[in-house]
Amino acid sequence: MTVAADAARQPARPAQTWLAIWAAALAATLVVFLARDSIAWAVKYPASAVVPVADWISVVMTWLKVNLSWLTRSITAVLGVPLNFALDLLAKGFKVGSGAAAVELPRLSWVGVCAAAFFAGRAFGGWKLGALAGGLFLYIALFGKWTSAMLTLGLIAIAVPFCIVTGLLLGIWAWRRPWAEKLFVVPALDLMQTIPTFAYLIPMLLLFGNSPVSAMIATAIFATPPMVRATMLGLSRVPTEINEFSEMAGCTARQKLWRVLLPSARPTLMVGVNQVIMLALNMVIIASMIGAGGLGYDVLLALRALKVGEAMEAGLAIVALAIALDRLSQAAARRQSQQHGEINEGQAFWLRNPNLTLALVILAATTLLGLAIPFFDDVPKAITFTTAPAWKAAVSWITVNFFDAIEAFRVFLILYVLNPVRAFCEGFPWLGAVFLLGLAGYQLGGARLAALVAALTAFCAVTGLWEKTMATVYLCGISVVIACLIGIPLGLAASRSDRFEKIITPIIDTLQVLPSFCFIIPVVMLFRVGDVTAMIATVAFAVVPAIRYTNHGIRQVSPQLIEAAVVSGCTRRQTFWRVQLPLALPEIMLGINQTILMALAMIIICAMIGTRDLGQEVFIALSKADSGRGIVAGLAIAFIGIIADRLFNAWSARARARLG
């Protein structure tokens, strides 16, 4: 039984009854807090009762490392072959032979790759997209980030196909076996998508060492879930008529799947491919900490040295690569959907794919020219330039001229917003939190949801991470509230004005493709390290779902209902507040849910800039290769996300049931 079904079947109690229950529960929690001196164990979980889950996991991981080293070495060797080939092809060049007889072959020419990006864009979306894609790759080259960008692209080129194939097969299996989807696949996907990215690095570092292969495996695991979900969703949405027609035509089960159902689900599958590419890019950047190298490593080094100019340049190169891959994958999805069934198999390859043929010819020609002309082999330093001094000068100017205002704003947030909320959260009784969240779960989804929420909350306490958990909750909560206060009004404005929607849509599209690192850099420049910087970066990163889902929720209200309200004599304001907004409430709540999950993911990354929460635990574990400590902290973070997701989904299900 799903959360939505539990919520729909939960017997309704009078509002007065629930109000009395909540009043009693809050009063009991307050009594526990006031009596904290006599029942300290109910407020702060006693250290003597901490369950050593981290130690148990460390023992298991050590055993795996010792006894399965042959397996990890074999996996590293197998995966290293295509990965090293991609890195050599794009970034390093090839070395054939050894000693004096060794011959060095060049990597793909940067001129050819830029041209290939242009022709790919032209094939999928016309001249405008071609100019955008080619221009973004040229931008990376001219700013001297070509080798780093190609290292990042090489990892993505191997990780993404692996994610797509694995996700497709798992999605097909889950779609064919509903029991497997319910018992195994969906819970695993929920856990994989809520565990913070850094937590993936720790077991990979322990089992596979500090190498690009470790980074690729972590990236593949992190980026696969969207493809699984897209496959299940796409196959479930194939019209029944198509399924019945394939059976009437005499197709076998395999023919029906590969020749009818999957092609019919192609638009949804391509959305999953797009999401895989974006998540893989984000993870590859973070995986620079365990040997991935590339643009993420450039950002990491610059941030550690507080070189804001270099960090901004590397960050902008990440943005350029992300936008190029995002636009190309989206255009490819639309193109595949439009051309399905229109390909003439009788034509020659070069006639059916003129842009691809031309791109391959230019790539081969420029790479061969690189053997004789250095210009084609590597980007000449004479044509590269840097804006790092300009960024540094701009930050210095802002700091000098607006230091008082920035500092006053920062101090105000710390003294009157962050510190009071943090003190409240860290002093909140763990037993009260378990009880109150369990009560919320029971009210929204029944006994099963109550038990799940209470158990996950208790895990954070019994593992000795309660204070770190509440520090994470406090910063995440403040960021989500501010993001919603900004995003929901903007979404409402976009839903009521087509002109405003056209203005804000490109902005939120750009924010959505920016890797998380890029939100930290400009804020660190102005506000230095600390909780204020983490909060501002998190709000900027998490505000997009609040805007997008609010706008979509208002616009998807049935026109017939709006016409009925107008015929009934409602003004435009009354129609909005009494018809559109209530009916859009489930969508808006879903946007808030996604905002919470994105804020949680960003706050963990903000541990790089001085926050003291569960993210710090993961970072410490990563630096010490302490797998148990890191995995337990990662699970605690994941459980916060799962609790928020389950409660909001149940709340949304009840709202939908109430609205019919």
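This is a predicted model: local features need pLDDT of at least 70, side-chain atom pairs count only at pLDDT 80 or more; totals for chains, interfaces and linings use all residues.
Let me begin with the aromatic rings. A pair of aromatic rings is described by the distance of the centres and the angle of the planes. Across the whole structure, the search returns 20 aromatic pairs. In one of them, the ring centres of Trp179 and Phe184 are 6.3 Å apart and the planes stand at 80 degrees, so this pair is edge-to-face; the cut-off for that class is an angle over 60 degrees. As for accessibility, Trp179 is partly exposed at 48% relative accessibility, and Phe184 is likewise partly exposed at 48%.

A second pair joins Phe648 and Trp651. How are these two rings arranged? Their centres lie 5.6 Å apart with the planes at 45 degrees, so the pair is classed as tilted. Both residues belong to helix 31, which spans residues 627-659, and because they are three residues apart there, about one helical turn separates them. Is Phe648 buried or exposed? Phe648 has a relative accessible area of 16% and is therefore buried, the limit being under 20%. Trp651, at 42% relative accessibility, is partly exposed.

Aromatic residues also occur in a group: Trp110, Phe375 and Phe376 make up one aromatic cluster. Arg122 is placed over the face of Trp127, 4.8 Å from the ring centre. Arg496 is placed over the face of Phe576, at 4.5 Å from the ring centre.

I turn now to a pair of helices. Helix 7, residues 127-142, and helix 8, residues 146-176, have axes that come within 7 Å and cross at roughly 130 degrees. That angle makes helix 7 oblique to helix 8. Which residues of the two helices meet? From helix 7, Phe137, Ile140 and Ala141 meet Trp146, Ala149, Met150 and Leu153 of helix 8. Sorted by class, this contact consists of seven nonpolar residues, with no polar and no charged ones.

Beyond residues up to four places away in sequence, Leu151 touches Leu87, Ala91, Lys92 and Gly294. Pro106, 45 residues from Leu151 along the chain, has its C-alpha atom 15 Å from that of Leu151.

Ser148 also belongs to helix 8. Its relative accessible area is 15%, so Ser148 counts as buried. With residues up to four places away again set aside, Ser148 touches Gly294, Leu295 and Asp298.

Gly209 is found between helix 10, residues 197-208, and helix 11, residues 212-223. With a relative accessible area of 24%, Gly209 is partly exposed. What does Gly209 contact, apart from neighbours within four places in sequence? The contacts are Met204, Ser214 and Ile290. Finally, Gly209 and Gly291 are 82 residues apart in sequence, while their C-alpha atoms are 8.6 Å apart in space.

Technical notes: Residues are numbered from 1 along each chain as its sequence is written. Side-chain values use heavy atoms; hydrogens and water are left out. Rings of Phe, Tyr and Trp (its six-membered ring) pair if their centres lie within 6.5 Å; planes under 30 degrees apart count as stacked, over 60 as edge-to-face and the rest as tilted. Buried means under 20% relative accessible area, exposed over 50%, partly exposed in between (1.4 Å probe, protein chains only). Helices (H or I, at least four residues) and strands (E, at least two) are DSSP runs, numbered from the N terminus. A charge sits over a ring if NZ of Lys or CZ of Arg is within 6 Å of the ring centre and within 35 degrees of the ring normal. Axes are lines fitted to C-alpha atoms, for helices over the stretch in contact, and angles run from 0 to 180 degrees between N-to-C directions. Angles under 35 degrees count as roughly parallel, over 145 as roughly antiparallel, 65 to 115 as roughly perpendicular and the rest as oblique. Contact means heavy atoms within 4.5 Å. Ala, Val, Leu, Ile, Met, Phe, Trp, Tyr, Cys and Pro count as nonpolar, Asp, Glu, Lys and Arg as charged, and the others, Gly among them, as polar.
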